[in-house]
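Here is a briefing on one chain. Please look over the sequence and the model before reading on.

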Amino acid sequence: MTLTDIANIALEDIGAKAIGNIDGDDVNARKIKRRMPLSISEVCNLRNWACLVKIVELSRIEDGRSLGGLYKFNVPRGLLKIIEPIMCTIEDDAILSPFEKLTIKATILDNNPDHWDVNLTGAILAQLKADIAFMILGDANLAAQIKQPAARDIQRFIKNDIYRSRGKRPKPPPLASGYFVL
């Protein structure tokens, strides 16, 4: 899946015409290309999405210890949050730690849809639809109607990701008779 595919799914879901390429010259392609990174970043910052959590070995900036007895390490590109170890701090353009070597577990922003799982993809699509509805359709009432279910969808995808990260399957919705589909 490409960013153009993501853009076209969002456009078609709100009832707009698909684009040929996100790098194209038509008005909608330019609008979406400007908005897409913001939508992706906003959703990625909502939680430590399972598909974005990475183990990263950091490179040290200096050989000796800095002031305060801490070592300085380069900040990985796209770092959203350090999960472990908690004895790290980010200061300016470096990560400070008392450890001579440092491997972190962190959430790293990734703009490539091929690296996203179904939950992150769904949440980004929902956010993008909500973000582009007014600027593409020009109808404030319709845009508001799109935003409400998008917010619910994002919360559902977050819950599914929480279940996934804990090794559980999401609970299916009940059928009309009260039985669950297995």
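Where is Pro85 found? Pro85 lies in the loop between E3 and E4; helices (H or I, at least four residues) and strands (E, at least two) are DSSP runs, numbered from the N terminus. The model is predicted, so local features need pLDDT of at least 70 and side-chain atom pairs count only at pLDDT 80 or more, while totals for chains, interfaces and linings use all residues. Residues are numbered from 1 along each chain as its sequence is written, and side-chain values use heavy atoms, with hydrogens and water left out.

**Loops around E4**
- Glu84 and Pro85 are joined by a cis peptide bond, with omega about -10°.
- Met87 is also placed in the loop between strand E3 (79-84) and strand E4 (89-91).
- Asp92, in the loop between E4 and strand E5 (94-97), has a positive phi near 55° although the residue is not glycine.

**Surface patch**
- A nonpolar surface patch consists of Ile86, Met87 and Phe99, which together have about 340 Å² of accessible area.
- Patch residues have over 30% relative accessible area and no salt bridge; like charges are joined within 9 Å, and nonpolar side chains (Val, Leu, Ile, Met, Phe, Trp, Tyr) within 5 Å.
- Accessible areas come from the Shrake-Rupley method with a 1.4 Å probe, and for residues only the protein chains shown count as cover.

**Helix packing**
- Helix H3 (residues 118-137) packs against helix H4 (residues 140-165) at about 170°, their axes being 8 Å apart.
- H3 and H4 are therefore roughly antiparallel (angles over 145 degrees).
- In contact (heavy atoms within 4.5 Å) are residues including Ala126, Ala130 and Phe134 of H3 and Ile146, Ala150 and Phe157 of H4.
- The residues of this contact comprise 14 nonpolar, four polar and five charged.

**Salt bridges**
- There are seven salt bridges in the structure (a side-chain nitrogen of Lys or Arg within 4 Å of a carboxyl oxygen of Asp or Glu).
- One of them pairs Lys129 with Asp13, with the closest N and O atoms 3.2 Å apart.
- This pair links distant parts of the chain, Lys129 in helix H3 and Asp13 in helix H1 (residues 3-13), 116 residues apart.

Methods
Axes fitted to C-alpha atoms, helices over the stretch in contact; angles between N-to-C directions. Parallel < 35°, antiparallel > 145°, perpendicular 65-115°, else oblique. Nonpolar A, V, L, I, M, F, W, Y, C, P; charged D, E, K, R; others polar.
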